[in-house]
Each structure stands twice: as C-alpha cells, then as structure tokens.
Amino acid sequence: MSDLTSQRALVTGATSGFGRAIAESLAARGAHVIVVGRDAQRAAATVDALVAAGGTAQSLTADLGDREAALDLAEAAGPVDILVNNAGIMSYGSTAETAGDFDHDVALNVRAPYLLVGALAPGMAARGRGSIINISSGVAARAGEGSALYGATKAAIEMLTKNWAYEFGPSGVRVNAIAAGPSDTEGSRSTAGDALPGILGAFAQTLPLRRNVTPQDVAEAAAWLAGTESAAVTGAILRVDSGFAIG
C-alpha cells in the first residue's frame, strides 16, 4: 500500500458515493484531501469524518457545472499532486427526453474535468510528478437503452484520459480512468429511486462476477492508481465493473 504522506489530493464530488470512498482511501494512506462538493455542510461533515479517522483534510465548495466556479476551485485548491475527477451526473432516458439536459451534463461531466486538468496539470508537470484519475463508467464502452447522453460524456472522458496521458506523460504526470460498473450510490439512487435494489439485484446475475461494484472497489483502484505501485501505468482505462463491459 503506497504511502501518500505529503501529497495533496483534490477529489470532486467527494461527499458521497465513489468520491467519498476515494477520499477516505487516500486520506488513510496519508494524503491531505481537499474535499469538493456543492453543499458546504456535507463537505464539512466529510472532512470531520476523515479527520476523526486520523487523516488530514479541508473542504471547498463549488458547482462544477459553472465554468467560472471550476476555474475558481482550481485557484483556491493551489498545487495538488493527485486530482480525482469524480463529480458527475447520470441522466438516463431517450435522446428526446434528455435533450434538455445536454448542456448541463456536458458541462459537469466533461468541461469541468477539462478545466481542472488545464489549470492544475501544468503545475504537476513543472514539479515532475502527479496522478490524475478520471471516473468513467461501463456505459462508455457498452451501449444500452437510455444511456446515450451519459455514455457519450463518459466516452469523451476516456478519450481525454488517453490524450492527457500523451500530453503530460513526458513531464512525469500519469493520467488514467476508472470505468466503474453498476453500483448502489446516491447518484444511481437519484436516477432509479426505490426500484434500484431490485434492478441491481437482477442485473448482478447477468455479470460475469455475479456481483455489483461497491464504492470501496472503486476507491481501492483509485488509491492504486495514485500510488507508486502503478508507476508505469498511464493512459489506461481500468475496468472495475464485474465484467460489465464484456457482457
């Protein structure tokens, strides 16, 4: 397990789901975690939990769907060694049904990571090291009913991951993505509602591993990508999906 002491990690969408689990995992390994969320109280509560567990953390609030807010966040965060682009939104439905969500979803899922990388990666490059981890989804590689918009934004993130790895690799900055599979998180609950447990239970039986993904699964993968064990890994799309993409 890598020692991330003295490293500063910025995690967006860190107050619940994958983001919170990632924040906990990085803090447990010694990183100072900058918890980013839209709600100041939830962000502060997350910081309190990390500190109570022996970590160090601070909170910043931002609505990353807003261009200026994303740029202000990068400035407020200062130099970071680990950037986790986790904040996002899942809009499911037909193309006609989700057409009104297009601008907002692209702004949050694609533009915000693009702006944060543009603002923070040059500093990593100047220092000769850094790890950028983008949270993607299995729907970037596997088409399905109602997932056109969400899948398109995650496919874009995966292509950006490869291009950023190419761009910043010569300066010692690694860029990877985690394509997560079906999971019971606050975001998926907001989409499926009370039907989610039943949907996930049935869907798990169609996956090669016969299980859904947990936030801890994704968090362990993120910690590995942040640490020295993955020193030769960049431009990778790590599929933490119980085999979803090959189904």
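Asp63 is partly exposed, with a relative accessible area of 43%. Here, buried means under 20% relative accessible area, exposed means over 50%, and partly exposed lies in between (1.4 Å probe, protein chains only). The areas come from the Shrake-Rupley method with a 1.4 Å probe, and for residues only the protein chains shown count as cover. This is a predicted model, in which local features need pLDDT of at least 70, side-chain atom pairs count only at pLDDT 80 or more, and totals for chains, interfaces and linings use all residues. Residues are numbered from 1 along each chain as its sequence is written, and side-chain values use heavy atoms, with hydrogens and water left out.

Asp63 sits in the loop between β3 (56-61) and α3 (67-77). Helices (H or I, at least four residues) and strands (E, at least two) are DSSP runs, numbered from the N terminus. Together with Asp66, Glu68, Asp72 and Glu75, Asp63 forms a negative surface patch. Patch residues have over 30% relative accessible area and no salt bridge; like charges are joined within 9 Å, and nonpolar side chains (Val, Leu, Ile, Met, Phe, Trp, Tyr) within 5 Å. Asp and Glu count as negative and Lys and Arg as positive, while His and the chain ends are not counted. The place of a charge is taken as CG of Asp, CD of Glu, NZ of Lys or CZ of Arg.

## The nonpolar core

The largest nonpolar core has 32 residues, of which Ile22, Leu26, Val33, Ile178 and Val218 touch the most other members. At least two residues of this core come from each of β1 (8-12), α1 (17-28), β2 (32-37), α2 (40-52), β4 (82-85), β5 (130-137), β6 (173-180) and α9 (215-226). Helix α9 gives the largest share of the core, 7 residues.

A nonpolar core is a set of buried Ala, Val, Leu, Ile, Met, Phe, Trp, Tyr and Cys residues joined through side-chain atoms within 4.5 Å. In soluble globular proteins, nonpolar side chains tend to be buried together.

## Salt bridges

A salt bridge is a side-chain nitrogen of Lys or Arg within 4 Å of a carboxyl oxygen of Asp or Glu. By this rule the model has 5 salt bridges. One of them joins Glu24 and Arg20, at 3.3 Å from N to O. These two residues are 4 residues apart in helix α1, which means that about one helical turn separates them. Glu24 is partly exposed at 34% relative accessibility, and Arg20 is partly exposed at 25%.

Another bridge links the side chains of Glu220 and Arg29 at 3.0 Å, N to O. Glu220 lies in helix α9 and Arg29 in the loop between α1 and β2, so the pair ties together parts that are 191 residues apart in sequence. Glu220 is partly exposed at 44% relative accessibility, whereas Arg29 is buried at 11%. Arg211 also forms a salt bridge, with Asp217, and the closest N and O atoms are 2.8 Å apart. Arg211 has a relative accessible area of 36% and is partly exposed; Asp217 is partly exposed as well, at 23%.

## Positive phi values

Most residues other than glycine have a negative phi, and most peptide bonds are trans. Ser6 has a positive phi, near 80°. Ser6 belongs to the segment before β1 and is exposed, with 65% relative accessibility.

Ser242 has a positive phi near 55°. Its position is in the segment after β7 (237-240), and Ser242 is buried, with a relative accessible area of 7%.

Ser91 is in the loop between β4 and α4 (95-98) and is buried at 9% relative accessible area. Its C-alpha atom is 8.5 Å from that of Gly146, a residue 55 positions away along the chain. Asp105, in helix α5 (residues 102-127), is buried at 2%.

Ala40 belongs to helix α2 and is partly exposed at 47% relative accessibility. The C-alpha atoms of Ala40 and Ala28, 12 residues apart along the chain, lie 22 Å from each other.
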